[in-house]
Amino acid sequence: MSSSLEKNMLILRSSDGEEFIVPEVVAVMSKAIKNMVEDECASNTIPVPNVDANILAMVIEFCKKHDESEAEAASDLKTFDSEFVNRGQEALYDLITAANFRDVKELLDALCQNVAEMIKGKSVHHIRIQFLGYQLFEILTSNFIWNIWCDRDFD
Amino acid sequence: MKHRRKELSEDCWELILNRLAIDDFNSLQSLSLVCKQFLSITDRIRLKLEASDRLFYRNNCDALFRSFQRFRNLKEIELRDPIFGDKADVNYPIQESLLEVRSSILSNFALKTPFTKTFMKLGSTMKNLKILRCCLLECL
């Protein structure tokens with residue numbers, strides 16, 4: 001690898017060992033990586049623990065798009081964001097965890113807004129089942145105890 | 001007891017619930033019932049309670065009292081259209097739990113409310129109260 005390439009490119013290694021070559025400007029959209037690069041404690045290969053290749057690829061896709069389209073119309077970016085965050089819940093949770101862990105603000109904002117909108121207006125039971133993975137029987141059996149503990153008044 | 005498929009950490013949930021709170025603080029009321037984790041998050045981020053619903057004042061302000069117990073970080077309360085029974089008045093919940101409140105808005109009090117007594121108690125129990133806004137009080 002030539003030194004000029006190395007200067008502007010960084011290699012991110014996911015938790016399962018896959019490596020991604022990304023431009024430094026894209027990688028430093030993650031504040032955590034930016035700090036590492038600024039402090040010069042990063043070699044060319046930066047390990048990204050806790051994030052698997054699948055999720056890391058998505059995060060990189062998002063960062064690349066945001067980096068490229070800085071000059072583009074904000075509405076285009078918004079459309080991209082809303083399409084990007086339109087995923088299954090597991091992927092969403094993984095992405096949020098990764099974005100939070102690596103401190104990628106734009107991504108985290110878009111994802112949190114999406115989940116917030118999904119939650120908005122849902123009933124308590126619905127949130128427990130859909131977002132927290134409670135099983136229906138747990139809710140039915142623990143409802144009595146919940147009612148006492150919460151002293152439910154509104155629903 | 002819970003079979004969670006994927007979990008989000010508490011700080012992620014806090015970011016999400018914060019977004020809901022931006023739109024409507026009172027939406028946190030029902031979210032606080034979801035689970036203990038949500039309760040502690042809503043407790044942390046919730047600073048203002050708007051008691052504008054009649055339900056708050058039913059059964060001698062039962063619900064209002066419980067809200068004060070549930071949200072410990074309240075800095076601001078707004079009591080709108082309160083209707084109190086014969087025995088209860090606004091003092092009941094306030095004197096128990098609102099020591100930290102800095103700002104309070106009272107509006108549209110019903111004529112029957114014992115005002116002087118209420119305000120004296122407000123002053124003596126809410127030591128940190130900096131702002132008290134009263135709107136549409138026909139008795140003053």
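## Reading a sheet and its helices

Colleague: How many bridges join strand β1 of chain A to β3(A)?

Modeller: Strands of a sheet pair through backbone hydrogen bonds, either parallel or antiparallel. Here, three bridges join β1 (residues 9-13) of chain A to β3(A), and the two run parallel. Strands (E, at least two residues) and helices (H or I, at least four) are DSSP runs, numbered from the N terminus; two strands pair if DSSP finds at least two bridges between them. This is a predicted model, where local features need pLDDT of at least 70. Residues are numbered from 1 along each chain as its sequence is written.

Colleague: Which residue is the bridge partner of A:Ile11 in β3(A)?

Modeller: The partner is A:Thr45.

Colleague: In what order do the strands of the open sheet in chain A lie?

Modeller: The order is β2-β1-β3, with mixed pairing. Its edge strands, β2 (19-23) and β3 (45-47) of chain A, each pair on one side only.

Colleague: At what angle do helices α7 and α8 of chain A pack?

Modeller: Axes are lines fitted to C-alpha atoms, for helices over the stretch in contact, and angles run from 0 to 180 degrees between N-to-C directions. Helix α7 (residues 105-119) and helix α8 (residues 124-132) of chain A pack at about 140 degrees, their axes 11 Å apart. That makes α7(A) oblique to α8(A) (under 35 degrees is roughly parallel, over 145 roughly antiparallel, 65 to 115 roughly perpendicular, the rest oblique).

Colleague: Which residues make the contact?

Modeller: Contact means heavy atoms within 4.5 Å. A:Val115, A:Met118 and A:Ile119 of α7(A) meet A:Ile127, A:Gln130 and A:Phe131 of α8(A).

Note on methods
Chains are lettered from A and ligands numbered from 1 in the order in which they are written. This is a predicted model: local features need pLDDT of at least 70, side-chain atom pairs count only at pLDDT 80 or more; totals for chains, interfaces and linings use all residues. Side-chain values use heavy atoms; hydrogens and water are left out.
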